[in-house]
Amino acid sequence: MITRYFLDHPAGIDESYGEHARFAFGFSMQLFVAAGAALIHALIPALFESTASRITAELYARTHNRGT
């Protein structure tokens, strides 16, 4: 069960647990930044006009074709 929860998915995309954890943490931090930019943009439309969409596109490009 431990293998299934912690190791199968990272191995399926040719990463160690640590490599996958680092990637996922960085990914979540970028999403946090995008969410903050979108929130500020909602309040003041002239600020961060394309930041959230740019970050989202960059994250998609990084994850596309990584595996399952």
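This is a predicted model: local features need pLDDT of at least 70, side-chain atom pairs count only at pLDDT 80 or more; totals for chains, interfaces and linings use all residues.
Trainee: Why is His20 called buried?
Mentor: The relative accessibility of His20 is 17%, and buried means under 20%, so His20 counts as buried. His20 has its place in helix 3, where the buried residues are His20, Phe23, Ala34 and Ala37.

Trainee: What does His20 touch, leaving out residues up to four places away in sequence?
Mentor: With those neighbours set aside, His20 touches His9, Pro10, Ile13, Glu15 and Arg66. As for the buried residues of helix 3 taken together, they pack against helix 2 (8-12) and helix 4 (51-63).

Trainee: How do you know that the span of helix 3 is close to the expected one?
Mentor: Helix 3, which covers residues 17-43 and has 27 residues, reaches 39 Å from its first C-alpha to its last, and this is close to the 39 Å expected at 1.5 Å a residue.

Trainee: What makes the contact between Arg54 and Glu58 a salt bridge?
Mentor: Their side chains meet at 3.3 Å, N to O, and the definition asks for a side-chain nitrogen of Lys or Arg within 4 Å of a carboxyl oxygen of Asp or Glu, so the pair qualifies. A search of the whole structure finds one salt bridge.

Trainee: Where do Arg54 and Glu58 lie?
Mentor: Both lie in helix 4, four residues apart, which is about one turn of the helix. An α-helix has 3.6 residues a turn, so residues three or four places apart point the same way.

Trainee: Why is Asp14 called exposed?
Mentor: Asp14, found in the loop between helix 2 and helix 3, has 72% relative accessibility, and exposed means over 50%, so Asp14 counts as exposed. Its phi is near 60°, a positive value in a residue other than glycine.

Trainee: What makes the nonpolar surface patch, and where does Leu7 come in?
Mentor: The patch, of about 720 Å², is made by Met1, Ile2, Tyr5, Phe6, Leu7 and Tyr17, with helix 1 (residues 2-6) giving the most, three residues. Leu7 has its place in the loop between helix 1 and helix 2, and its 41% relative accessibility makes it partly exposed; patch residues need over 30%, so Leu7 passes that cut-off at 41%.

How values were computed
Residues are numbered from 1 along each chain as its sequence is written. Side-chain values use heavy atoms; hydrogens and water are left out. Helices (H or I, at least four residues) and strands (E, at least two) are DSSP runs, numbered from the N terminus. The expected span of a helix is 1.5 Å times one less than its number of residues. Buried means under 20% relative accessible area, exposed over 50%, partly exposed in between (1.4 Å probe, protein chains only). Contact means heavy atoms within 4.5 Å. Patches are made of residues with over 30% relative accessible area and no salt bridge: like charges are joined within 9 Å, nonpolar side chains (Val, Leu, Ile, Met, Phe, Trp, Tyr) within 5 Å. Accessible areas come from the Shrake-Rupley method with a 1.4 Å probe; for residues, only the protein chains shown count as cover.
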